[in-house]
Amino acid sequence: MVLVIYGHAEGARVGYNPKKRGRRSYHPLLCFEAHRQEFWHGSLRPGNTVAASGAVPFLRVCLAKVPRGIARSRIRFRGDSGFFGKRVVEFLDGERAGYALVAKEYKPIKALAQGCHFAKLRSGWEVGEFRYQPGRWQMPHRFVVVRRPIPTDPVEAKQLTLFTDKKYAYHVLVTNLRTHPWRVWRFYAQRARIEQHIRELLYDYPLAKIPTAEWLPNVAFFQLLLFAFDLVHYFRRLCLPPAYRTTTLKTVRRELLVIPGRLVKSKNRYRLKLPHGYHFESAFRHALANISKLQPVEIP
């Protein structure tokens, strides 16, 4: 993810920026917990930071937040190509944590991916794998390849982010998981949910609107928005009806928060009068009832 900066914010640098080439930016790292989809850890970096720079300290903090009763061997990481590299892979190997990371499109990897033996699946996709030791890596690692025929629809074909040849679009993962290649791919593919969270942070919170020209206030703004993301996330989980579990902040705001109402006093009590015929009144009352049941938890 790249946060484009308009103005002269401290720490903003010209770096990788596929949509606004030449514009200064910040380049944050984000981690989300997969089961409950809560924000786990985040770090704001200057825009010219190399993708994998700071990744190992970042992952070390992520692991430090895991409860002690959970063994490292039970932890799994999914990561885009920014995490592909010797230091990250060897760190995760050393921690005995599982991972599936998108491999960068280096020529040897592309050649091995196209030349490996594939097994056809009923879905029309094909899977294969090979072992390869990139330069300076300590040992060969397992690479999983999935490929699909290039769609005939030119619009759909243009949306592919994988590397392609004349017939197929490919996706390559480096992994230490021992499951079938298709299961490795299905495990990684769930990362698409994180892309939804990132879009929500950019457009509904608004992470894309960095407020000041100073570095420390911008870092504080970044962390506060991520904290707000978790607050809304648990508001949906703990207070709202199940149908709201996957809704965005925009939907919650439109249907439950930004609504007309009147605060009136009757018999020495204040009451909130909702609009007549309010379509989402049952969800609103459901949330109020659950909020009243919540109890603060003392942290030792």
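View 1. A search of the whole structure turns up 17 aromatic pairs. One of them is formed by Phe32 and Phe39, edge-to-face, at 6.1 Å centre to centre and with 75° between the planes. As for the terms, rings of Phe, Tyr and Trp (its six-membered ring) pair if their centres lie within 6.5 Å; planes under 30 degrees apart count as stacked, over 60 as edge-to-face and the rest as tilted.

**View 2. Tyr205 and Phe229 make a tilted pair.** The ring centres of Tyr205 and Phe229 are 5.9 Å apart and the planes meet at 45°, so this pair is tilted. Here distant parts of the chain are linked: Tyr205 is in the loop between α6 (192-203) and α7 (215-238), while Phe229 is in helix α7, 24 residues apart. Helices (H or I, at least four residues) and strands (E, at least two) are DSSP runs, numbered from the N terminus. Tyr205 and Phe229 are both buried.

**View 3. α6 and α7 cross.** The axes of α6 and α7 come within 11 Å and cross at roughly 115°. Axes are lines fitted to C-alpha atoms, for helices over the stretch in contact, and angles run from 0 to 180 degrees between N-to-C directions. On the α6 side, His197, Glu200 and Leu201 make the contact, and on the α7 side Leu225, Leu226, Phe229 and Arg236 do. Contact means heavy atoms within 4.5 Å.

**View 4. α1 packs against α2.** Helix α1 (residues 55-64) and helix α2 (residues 86-95) pack at an angle of about 30°, with their axes 9 Å apart. That makes α1 roughly parallel to α2 (under 35 degrees is roughly parallel, over 145 roughly antiparallel, 65 to 115 roughly perpendicular and the rest oblique). The α1 and α2 crossing is right-handed. Residues in the contact include Leu59 and Leu63 of α1 and Phe91 and Leu92 of α2.

**View 5. Rings cluster, and arginines sit over rings.** Phe84, Tyr106, Phe130, Tyr132, Trp137 and Phe143 are linked into a cluster by ring pairs. Arg78 has its charged end over the ring of Phe187, 4.7 Å from the centre. Arg147 lies over the face of Tyr168, 3.8 Å from the ring centre. A charge sits over a ring if NZ of Lys or CZ of Arg is within 6 Å of the ring centre and within 35 degrees of the ring normal.

**View 6. Glu255 is a buried residue of α8.** Glu255 lies in helix α8 (residues 249-257) and, at 11% relative accessibility, counts as buried. Leaving aside neighbours within four places in sequence, Glu255 is in contact with Tyr244, Tyr278 and Phe280.

**Notes on the views.** Residues are numbered from 1 along each chain as its sequence is written, and side-chain values use heavy atoms, leaving out hydrogens and water. As the model is predicted, local features need pLDDT of at least 70 and side-chain atom pairs count only at pLDDT 80 or more, while totals for chains, interfaces and linings use all residues.

Methods
Buried means under 20% relative accessible area, exposed over 50%, partly exposed in between (1.4 Å probe, protein chains only). A crossing is left-handed if the near helix is turned anticlockwise from the far one by less than a right angle, and right-handed if clockwise.
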